[in-house]
Amino acid sequence: MVKDRPSLLAVFAHPDDETFRPGGTLALLARHGVGIHVLTATRGQAGSCGDPPLCTQEELPAVRERELRCACAALGLEPPRLLDYQDGHLPEVNSEEITEHILTAVTEVHPQVLLTFGPDGLSGHADHMAIGRCAAEAYARRNEIAALYILAVPRSLAAQLEMRQIHSVSDEQITLAVDIASAWAAKQAAMACHMTQRSSTPLMSAPDARQRQFFGREFYVAAGCRDADMDFMPRILEEYGG
Ligand SMILES: [Zn+2]
């Protein structure tokens with residue numbers, strides 16, 4: 001039997017979801033030979049065009065798709081897959097339809113690990129919650145996926161950095177804490193790709209030390225695991241525990 005290359009499917013709502021929280025981890029995994037595939041449900045057309053604007057509202061979907069492709073390349077990931085949903089409207093879409101799209105990607109990619117948003121959507125964005133629910137459903141239906149991870153921020157960090165908008169979890173719930181220092185340059189390059197989001201993300205212009213406080217450690221909760229032997233996340237990432 002030919003053994004599948006280790007691979008991870010990351011299922012998100014918007015261009016930049018792949019970068020700001022999990023970008024360093026995805027870059028580290030890619031460096032260790034894991035094929036990283038990103039599925040993004042929208043082109044982020046409800047987001048900012050920049051201030052001053054870098055494009056028109058009509059151009060924004062194409063511009064943000066380019067930014068996403070730029071970020072995936074900067075992180076060493078496979079080219080992203082995009083669905084054609086409207087930013088801000090995922091909860092209105094038939095969830096079975098979205099789940100089917102995710103299952104199609106699962107069939108193509110054979111991921112051992114699925115990564116997505118948890119039920120709180122991290123920022124509470126309804127699109128994040130909707131795509132996270134559909135990805136969890138896809139995990140539930142496919143026994144070949146060994147583990148499901150969700151993005152998380154521990155309460156202590158949220159308190160320390162006064163991240164009041166974020167839905168944090170108790171520190172004990174964190175399964176993996178990843179110090180991404182060795183992938184910092186790649187993450188910064190990926191963040192720089194998302195130029196249109198710079199004006200609405202003040203941290204992108206903050207001094208390096210401040211940015212590292214926010215973006216230098218990445219956290220995950222294992223929301224499901226059916227086969228610990230096939231789950232490469234702890235094996236590869238525990239040496240980066242921060
Ligand atoms: Zn998002």
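Biologist: In which sense, parallel or antiparallel, do strand β2 and strand β3 pair?

Modeller: Strand β2 covers residues 35-42 and strand β3 residues 81-85, where strands are DSSP runs of E of at least two residues and helices are runs of H or I of at least four, numbered from the N terminus. Two strands count as paired if DSSP finds at least two bridges between them, and T42 stands opposite Y85 in β3. With 3 bridges, the sense in which β2 and β3 pair is parallel.

Biologist: What kind of model is this?

Modeller: Residues are numbered from 1 along each chain as its sequence is written. Local features need pLDDT of at least 70 and side-chain atom pairs count only at pLDDT 80 or more, while totals for chains, interfaces and linings use all residues, since this is a predicted model.

Biologist: Which strands stand at the edges of the sheet?

Modeller: The 7 strands form an open sheet with mixed pairing, in the order β3-β2-β1-β4-β5-β7-β6. Each edge strand has a single partner strand, so one side of it is left without a neighbour in the sheet, and these edge strands are β3 and β6.

Biologist: Which residue of β7 is the bridge partner of L151?

Modeller: Strand β5 (residues 147-152) and strand β7 (residues 217-225) pair in the antiparallel sense over 6 bridges. In β7, the bridge partner of L151 is Y220.

Biologist: How wide an arc around the axis do the buried residues of α8 cover?

Modeller: In helix α8 (residues 184-193) the buried residues are A186, K187, A190, M191 and C193. The arc, taken from the directions from the helix axis to the C-beta atoms, puts them on the same side of α8, because it is only 150°.

Biologist: Is R212 buried, partly exposed or exposed?

Modeller: R212 is found in helix α9. A residue is buried if 20 or more other C-beta atoms, placed from the backbone, lie within 10 Å of its own, exposed if 12 or fewer do, and partly exposed in between. Because R212 has 16 other C-beta atoms within 10 Å, this residue is partly exposed.

Biologist: What radius of gyration does the protein have?

Modeller: The radius is taken over C-alpha atoms, and the globule rule is 2.2 Å times the number of residues to the power 0.38. With 242 residues, a compact globule would come near 18 Å, which agrees with the value of the protein, 17 Å.
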